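Biologist: Could you take me through this model feature by feature, giving the general idea before each case?

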2 protein chains.
Amino acid sequence: MKESQVDVLVIGAGPAGLMCTFGLARAGVKVRVVDERPDKVAAGQADGIQPRTIEVFQSYGLADRLIREGNQMHVAAFYNPTPDGSGIELTDRVPDVTAPTARYPFEVTLHQGAIEAIFLDSMKEMGVEVNRPVRPTSIAISEDKSDHDGHPVRVVLHRLDGTGNEEEDSEVVYAKYVVGADGAHSWVRKSFGIAMEGEQTDYVWGVVDMIPDTDFPDIRNKTALHSNNGSCMIIPREGDKVRLYIQVEGKAAIDAKSGRIEKGRLGPNELLDVARKSFYPYTFKTPQSFDWWTIYIIGQRVASSYSVQDRVFIAGDACHTHSPKAGQGMNASMNDSYNLVWKLAHVLRGWASPDLLKTYEFERRKYAQDLINFDKNFAKLFSGKPRTELNQDGVSHEEFIRAFQTFGGFTSGIGVHYEPSIIANPKHQNLASGLVIGERVPPQHLIRAADGRPFEIQDLLPSDTRFKLLVFTGNTSEPSQLAQLQSLAQELQSPDSFLTKFSPGGKIETLFDIVSISSAKKESVVYNALPPLFRSHWSKAFLDDTNYTGQIGGKTYSTYGIGTSGAMVVVRPDGYVGMVTPLNGVADLSQYFTSFLRVPSN
Amino acid sequence: MKESQVDVLVIGAGPAGLMCTFGLARAGVKVRVVDERPDKVAAGQADGIQPRTIEVFQSYGLADRLIREGNQMHVAAFYNPTPDGSGIELTDRVPDVTAPTARYPFEVTLHQGAIEAIFLDSMKEMGVEVNRPVRPTSIAISEDKSDHDGHPVRVVLHRLDGTGNEEEDSEVVYAKYVVGADGAHSWVRKSFGIAMEGEQTDYVWGVVDMIPDTDFPDIRNKTALHSNNGSCMIIPREGDKVRLYIQVEGKAAIDAKSGRIEKGRLGPNELLDVARKSFYPYTFKTPQSFDWWTIYIIGQRVASSYSVQDRVFIAGDACHTHSPKAGQGMNASMNDSYNLVWKLAHVLRGWASPDLLKTYEFERRKYAQDLINFDKNFAKLFSGKPRTELNQDGVSHEEFIRAFQTFGGFTSGIGVHYEPSIIANPKHQNLASGLVIGERVPPQHLIRAADGRPFEIQDLLPSDTRFKLLVFTGNTSEPSQLAQLQSLAQELQSPDSFLTKFSPGGKIETLFDIVSISSAKKESVVYNALPPLFRSHWSKAFLDDTNYTGQIGGKTYSTYGIGTSGAMVVVRPDGYVGMVTPLNGVADLSQYFTSFLRVPSN
C-alpha cells in the first residue's frame, strides 16, 4: 500500500478547506487537500462575503479579484404590507452594513465556485491542487506522537472511480495534523464521535437562483420582505443574477413520516409561485431557466469540541450549522480556518508551543455559539408574520430593523471579539481604548514619512504569519521623545530581549515586522532621525498626519485612543490586537510572547 | 517581394507607438507596429506618469497595474542655500500635484520598459506583437486614394540582421494610414520634409539612475534643489531606485567644435561628484552600480505639421522635444496617440468623415506649443542660480514655487484644454459651468440608482470609442420632470433622430452609451420609472446623492454647475467634453454629430 507523509492533511475542499490549504501553502507549510466530489462547485450554495471576510481576503492580496468578480450589496431595503393589506410597499432603505468601522461598507455576493476559484488559482501558483475524487475511510491518532517521524495521524484514502465507488488501491497518509473541513455531515467529526449540540427548527425555506424579469424596484438590493402571504429575501448576485429566499409551509415540503425535506414535492417553479404571492403587486415573469435551487430546514447546532488531542481539528460547517439568510455560513467557515492557519504554521516551524493550538477552539467555538444565539433571534423575526392592524402579535418593522442594525457588528464580522487568552492580553487596554484587544485592527489612514504616500493601516498588516509590532512613537520631532526611543531600541535589541531570543536565526524580520507611527508633522519630519530599528527600511516609518491633499489621515492616535506618550501594539498574524504596552513596557511584551513562543532551535 | 495590406501601420514602438497600437487594437482595428530596435527598453529613459495619463490608463483598465508596479510621488520638496551659504536646507514641502481635480493626486514613476510592458502584454492578449528589428526605407502616398483597395500609403520595410544591417529581402506594406511614432529623429518626419521649429538651449543636464545610500531626508520625494554649486532634481522610482537630474557646465560635456554632447567626457561617477557638491552637507556613497545614465542638452522644438494629407501622422517625440524634468515628454507622446486613436477608428469604420482627422493636429500641436512655452519658463528658472544675499539677481524660492504651482494644471496634464472645433462646441457652456468644453470630465462620485453602489463618473467613461451621452435628468421623483423625459426619449428615438440615423445597424449602443444621472434621493427613488432609453440596463441609471455611508457623492450637479432643469452632456470617446445642451436641445446635439459623423452604410 502506498504510504506518504505530510505536515497537514486537509479533508474537504469547500470554503473552509480551501482557506486552510491556501493559508498553509502561503505560509510555506507542506499541505495536502483531498475532496470526495469529482468537480468543484459550479453554481448555487453559499455566496455572501462579509466586510470582515473581505478584509481577510485583502490581507492575502485577494480582495481585488473578489470585488471585481462579485456584486456589491450596499443597501438593505424593507418591504411590508400596504395599509389595506392588499400587497406590499417599500418601508425603508438603509445601509446594508451598519458596522461603522468596516473598511468595505458592503457585502460581496458571488457564487461559491467563483470564490473557491480564487483560492484554487492561488494554490495552483504555489503548486498545490485538490486531490479528487478521494474519500478517507479511516483515521486514527497514534498514542506515541513521535511515531512515523512525528506524523502521528494515520489516514487511509481511497480514490473514487467515475461512479463514486472506491477503487481497490488505497493509500495511507501520515500527517502531523489533520483538518476536517468536510461539511455539515463531517466524516472526520463522526469518526471521533464529536456530538453536535442544538436543534432543528420548524422553519423551511426554498432558494432559487435566476436572472429575474420583474418590475420590482429593489431587485438589486438586499431586500427583506414581510407580507401577509409569507416572507422573502432578495440577494442580488454577480451579473444580472438574483437569489430569492422564499419561506414555505413546512408540510408542503416535508415528508410527514421521516421529517425530512422531500425535494420532489416542490420545484423552483412552485417556489417562484409562492414568492409571487408575497411580492404582489410586483410581478416576476417565469425565467428561461433556474441556475440553482434548493429547500432546507433551519438547524442551529455547534460541535461539542473542535479538536481531538490538538492533532485533528474540525472547521467550518463541520462545527456549526445555522440559517444561511444572514450570510454567515461561509464566512464563519473561512474565518475558522484563518484563525487556525497561523497557529499551525508557528507550531510546525517549532517557533510556538503546541498550547497555541488550544486557542483555536477557545476563540472559534465561542464565536459559533454567539452566532447561533444571534441566528435564533434573527430567524424567528424573519420567519414570523408581519405586524398589521389585524395581527398585532406579528413582527413590527421597527422590531425587525432594530435587530438588523443591533446585530450589524455581528453580521458584518467586524465585531468578532476574542476573549482573553495567552494571545489576547487586555492588561494595558486603557492605553489604546480604540484598539480593542481581541478585535481586529480597525482601518485608519497613515502617511509614509519618507514620501508622504497615504496607506491604509490594514495594508501594513498582511497575513504573512508575522507578528506586527506597531510602535506609536509620539512626536519624534521632539528631542526628548527621540531620546526615549533610542533607549527603547537599545532595550529591544539587547541579547536577552524577546525580539532577539525568539527571532529564528537572529533575524528579527522573520517573525516580527516593526512599523513605527510618529505624531510628527509631515512638513518638518526628518524620518531618518529615528533609530534604525524603527525604520529598518525607509518604507517602515509612518506619520499620523493628513495626506498632502488634506483629505485623509491624521486621526489614528485619536481614534485609537493613544496619547502623546505613545504605545506599543502587538498585532497577531491574523490582524487581531494581541496586547498593548507603554513605550517602557518591554517586560510586558516579553511576558506576552514568552507565554506561547519557543526559542527556535536554529 | 512580399506584399501585404493593413489598416494602420505604426512605425516605432516607444510610448507613443505602443499607446497607438494598443488603442487601435482595442478598437478592433487591423494594426501592425514595427521598430528598429532589436529589444524593448530595459532601463532608464522617461519614467514619470502624470495624473491625467493615469486617468487615461484607468479608462483602458490599465491603471491598477501601473500603480501597483510604480512608485507614487506625492510630495515636492524644495532645498535652497543655508543663510551662511555653506550648504543647503529644506525650504518647503508641498503637494507634488497641485491640480485640485486630479483623480490621482500623485505622479507614478516607473521605468519606461515597465510602462511599455503594460501595453505589450495587453497587445499580446489581442494577438498583436511588435515586429522587430525592422527598418522602413521608403514611404509614399499614392495620389489616387483608392489605390490598392483603398490602402494608399506604400511603405517598404527591411528586417535587420543581428548587426543592425538590412537583410536583403524587403517587404512592401500598403496601409490606409501610417503613424510615425519614431522619436526625436523621426524618419517619417524627415521623409516628408516636415521641419522642426524652435531652438536648442545652453542648458546641459546629466541623469543617473541608482539605488542611493544617503542621509538626505527627502530622497523619496521629488526634490528641486538650488545650491550655490548648481541645481539638482530627485525623482524617486519604483523599489529603492532614484533618479538624479544634475546640472552640468555645458563646456564640460560639449565638444566645442561640433556643439554636440560628448558622452565620453563625463561618466556617472563624475556626475555624482557634481551632485555631491550641490547636496552638501548631505552625502551620497558611491553605489555599486548605476542602472542607467545620460547627458542631454535641452532643446525646445515643435514640428511644423503633424500630418501629410491626413494619411500619414506623426506623434510623440517626432512632433516635439523639450526638457524631461517636468515629466512631460512621455505623457505628451502617449496623449498624442490617445487623441488620434479614436478618430482613426471612427473614420476607418466609415462612421465619421475624414475631416475628423484634422482635429488631431489642431488639438495636439497647440498643446505642444503651450508645453514648450511652459518648458522655456520652467527650465530657465530651474537652471538658474538661486537668489542669495550676494546674488540678488538669482531665482528666489518664492518665484520658483509660484511657477511650480501656477503650472500645476499643465504639468499634471489635467488642465489640457482643446479649442473649439467640430468636436468641441462651446455653445451651451453656461448650462454646465464646471464641465469645461474641451477639457476632460473631472472626477465626481455618483451612486447607482438600482443598488446604491458608489461609482467614480470617470469609470463610466471607458475608452471604448463610444460617445457617452450623460443625461442629467433633474429630479425624476417629480412627475413633471418624468414627463419631460418621456418626450425627450421619444424625440431621441424618432426615425430621423441622430441616435437612430448614425447608429450602425440601428443599434444605439454600438456608437452611443447613454447614462442617466438623476437628482432624486436614494431612499425613495424608483429607478425603473425612468423611460427605458435612459436605463437600457439597470446599471445605466445613477443618482447624484451621497452613498449609504454618507461619505462620498451628492455633489455632481453643483460641482458641474448643472441646474435643476438638467442638461445633456456629450463626452467624446477620449473623455473630453464635446458639447452641452438643455434637455430640449436635441437639435443642437443633432447638429454637433452631423458635423463629423456619417450615416453608416450597413
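Modeller: A:Arg132 sits in the loop that joins β8 (130-131) and β9 (134-141) of chain A. This is a predicted model, in which local features need pLDDT of at least 70 and side-chain atom pairs count only at pLDDT 80 or more, while totals for chains, interfaces and linings use all residues. Residues are numbered from 1 along each chain as its sequence is written, chains are lettered from A and ligands numbered from 1 in the order in which they are written, and side-chain values use heavy atoms, with hydrogens and water left out.

Biologist: Does A:Arg132 count as buried or exposed, and which residues does A:Arg132 touch?

Modeller: Buried means under 20% relative accessible area, exposed over 50%, and partly exposed in between, with a 1.4 Å probe and protein chains only. A:Arg132 has 16% relative accessibility and therefore counts as buried. Contact means heavy atoms within 4.5 Å, and, leaving aside residues up to four places away in sequence, A:Arg132 touches A:Ala13, A:Asp35, A:Arg37, A:Pro38, A:Asp39, A:Lys40 and A:Arg159. Of these, A:Arg37 is 95 residues from A:Arg132 in sequence, yet their C-alpha atoms are 6.4 Å apart in space.

Biologist: How many residues of helix α2 of chain B are buried, and against what do they pack?

Modeller: Nine of the nine residues of α2(B) (residues 51-59) are buried, so this helix is largely enclosed by the rest of the structure. Its buried residues pack against α1 (15-26), β3 (48-49), α3 (63-69), β7 (107-109), α4 (112-125) and α9 of chain B. After α2(B) comes B:Gly61, with a positive phi near 75°. In chain A, helix α2 (residues 51-59) is likewise mostly covered, with nine of its nine residues buried, and just after α2(A) the residue A:Gly61 has a positive phi of about 75°.

Biologist: How do I read the crossing of α9 and α10 in chain B?

Modeller: Axes are lines fitted to C-alpha atoms, for helices over the stretch in contact, and angles run from 0 to 180 degrees between N-to-C directions. Angles under 35 degrees count as roughly parallel, over 145 as roughly antiparallel, 65 to 115 as roughly perpendicular, and the rest as oblique. The axes of α9(B) (residues 329-349) and α10(B) (residues 358-383) come within 10 Å and cross at roughly 165°, which makes the two helices roughly antiparallel. Among the residues that meet are B:Asn339 and B:Leu340 in α9(B) and B:Tyr360 and B:Tyr367 in α10(B).

Biologist: And what of α10 and α11 in chain B?

Modeller: The axes of α10(B) and α11(B) (residues 397-406) come within 10 Å and cross at roughly 150°, and these helices are therefore also roughly antiparallel to each other. The contact is made by B:Phe378, B:Leu381 and B:Phe382 of α10(B) with B:Glu399, B:Phe400, B:Ala403 and B:Phe404 of α11(B).

Biologist: What rotation superposes chain B on chain A?

Modeller: Copies are superposed by least squares on the C-alpha atoms of residues with pLDDT of at least 70 in both. Here a rotation of 180°, with 0.0 Å of shift along its axis, places chain B on chain A with an RMSD of 0.0 Å, and the two copies are thus related as by a two-fold rotation axis. The C-alpha of B:Asp64 is the nearest to the axis in chain B, at 4.9 Å.

Note on methods:
Helices (H or I, at least four residues) and strands (E, at least two) are DSSP runs, numbered from the N terminus.
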